[in-house]
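Here is a short briefing for a first look at this structure.

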Amino acid sequence: MNRLKCLLTAALWLAVSHASAGEVEVLHWWTSGGEAKSITVLKEMLEQQGYTWNDFAVAGGGGESAMTVLKTRAVSGNPPAAAQIKGHDIQEWASLGFLTNLNEVATTEGWDSFIPPMITDVMKYHQDYVAVPVNVHRVNWTWANPKVFQQAGAKIPTNLDEFFVAADQIQAAGYIPLAYGGQPWQDVTVFETLALDMLGAQGYVKAFVDLDMKTLSSTQMVEVFTQFQRLHRYVDGGAPGRNWNVATSMVIKGEAAMQIMGDWAKGEFSAAGKQPGKDYVCVPALGTAGAFIYNVDSFVFFELNDHDSIQAQQVLAKTILDPEFQKVFNLNKGSIPVRTDMDMSSFDQCAVDSMREFKSSAKTASLVPSVAHDMATTNYVQAAIFDVVSNFAADRTADPREAAQRLAKAVKAAR
Ligand code: BGC
């Protein structure tokens, strides 16, 4: 009897303590194999601390669908506790008064001391922390299957000229040279990589950050469109609408030779048990070695009234920057830690190279924000660029000169 009483008391205590600990509903778009594995680490670490995680996953690479769902929820006065929001969108949500202030946890944990200022600037609205960064992704990577290259007698390309030579050899050997997903954000992911190669970091910033009309309609930009079109000759017929992780799996399975994609692709290779340097190879994409297109994932927290949920938000924010979380999460995700004080010895060569180039490119002004991933400009301008580039990509006969003109006009109208 006594034992039963004890058990009942313990169960009741557990139920009460569980109910009193807060809950967080977390909106994100991490639903591919590697992404889901990564976000599960956060869920588990929060649960270990006695809090409840309500998963609000909205599928769709790049997060466009997630943002649409989030807007509907927020406007109807029912936002989630936390949401994956990045770059310029952070400022926008903060200016509308939706976000909660994270200064207390940021000061206690000393965020300013281990996150680079170029990132904290984006996480703050009027000097106040309103977002917490998770990682740093590098966008300008090529992911290659070395066996396919070997079969075709081709060399993994480090620049565009080499790409076209290799692509012809791969095609002749019966493989798909470039695994590609024809979705606006993926089109712009590849397009911005070519733009970095052809315009250089300075020209890239002039075009996509300063929104300089001359650069947007320049002959170099015409060349970017021209090469982008040429690259599409090496894409298979199934590309339109294809999800990015399906394209990655074509490289994993050896149906395609390579993919130009950010290092979330590495998360797919890792989730499939593949080893870098052996089963797959990462090289800075086409002529962009030494330069770095960055994409920083982050979470914001919405203003809530419930004390327990507010506490859970604070714990979640703290956990995201915990060194252990930073390590395990980024190993799964393919990105590098956002903390600059991390020991990188358990990371693979791709991540070590990425961290090195992240730091060195900042010193040579070759560290540039991603257009496709919300870092470079407002979402109005980004939408205009998505439109022009994806319409161009969908029409094999489109004129590159007209496209560059259109790009400048669309950006001008949206800014
Ligand atoms: C995000 C990544 C994500 C990728 C594909 C990017 O915008 O920053 O974290 O893995 O989209 O969904």
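Q326 counts as buried because its relative accessibility is 0%; buried means under 20% relative accessible area, exposed over 50%, and partly exposed in between, with a 1.4 Å probe and protein chains only. The model is predicted, so local features need pLDDT of at least 70 and side-chain atom pairs count only at pLDDT 80 or more, while totals for chains, interfaces and linings use all residues. Residues are numbered from 1 along each chain as its sequence is written, and side-chain values use heavy atoms, with hydrogens and water left out.

**Around Q326**

- Q326 sits in helix 16, residues 323-333. Helices (H or I, at least four residues) and strands (E, at least two) are DSSP runs, numbered from the N terminus.
- The side chain of Q326 has a polar atom 2.9 Å from the backbone oxygen of V134. A polar contact is a pair of N or O atoms within 3.5 Å; within protein, one must be able to donate a hydrogen and the other to accept it, and residues adjacent in sequence count only if both atoms are side-chain atoms.
- The Q326 side chain also reaches the backbone oxygen of I320, at 2.8 Å.
- Leaving out residues up to four places away in sequence, Q326 touches P133, V134, I320, L321, P337, V338, R339, M342 and F347. Contact means heavy atoms within 4.5 Å.

- Which order do the strands of the open sheet take? The 4 strands run 14-7-12-15, with mixed pairing. Two strands pair if DSSP finds at least two bridges between them.
- Strand 14 (336-337) and strand 15 (367-369) are the edge strands, each pairing on one side only.
- Strand 7 and strand 14 are antiparallel and joined by 2 bridges. V136 has I336 as its bridge partner in strand 14.
- Strand 7 also pairs with strand 12, in the antiparallel sense, over 2 bridges. Here H137 has N295 as its partner in strand 12.
- The partner of F292 in strand 15 is L367.
- Helix 10 (residues 184-208) packs on the sheet and touches strand 12 and strand 15. The direction of helix 10 makes about 110° with that of strand 15. Axes are lines fitted to C-alpha atoms, for helices over the stretch in contact, and angles run from 0 to 180 degrees between N-to-C directions.
- In a regular strand the side chains alternate between the two faces of the sheet.
- Strand 7 (residues 135-138) is covered on both faces. N135 and H137 are buried on one side, V136 and R138 on the other.

- Helix 15 (residues 307-320) has 14 residues and reaches 20 Å from its first C-alpha to its last, close to the 20 Å expected at 1.5 Å a residue. The expected span is 1.5 Å times one less than the number of residues.
- The buried residues of helix 15 include A312, V315, L316 and I320.
- Helix 17 (residues 349-363) has 15 residues and should span 21 Å at 1.5 Å a residue; its end C-alpha atoms are 21 Å apart, which agrees.
- D348 caps the N-terminal end of helix 17, with a side-chain oxygen 3.0 Å from the backbone nitrogen of C350.
- Among the buried residues of helix 17 are C350, D353, M355, E357 and F358.
- A365 follows helix 17 and has a positive phi, near 55°.

**Positive phi in two loops**

- Most residues other than glycine have a negative phi.
- Q127 has a positive phi, near 75°. Q127 lies in the loop between strand 4 (124-125) and strand 5 (128-129).
- Is Q127 buried or exposed? Q127 counts as exposed because its relative accessibility is 68%.
- D374 has a positive phi too, near 70°. D374 lies in the loop between strand 15 and helix 18 (379-394).
- D374 counts as buried, at 11% relative accessibility.

**Domains**

- The domain assignment gives domain 1 (23-136 + 295-353) and domain 2 (141-294 + 368-414). These bounds come from an automatic or database domain assignment.
- The C-alpha centres of domain 1 and domain 2 lie 27 Å apart.
- The contact takes 25 residues from domain 1 and 28 residues from domain 2.
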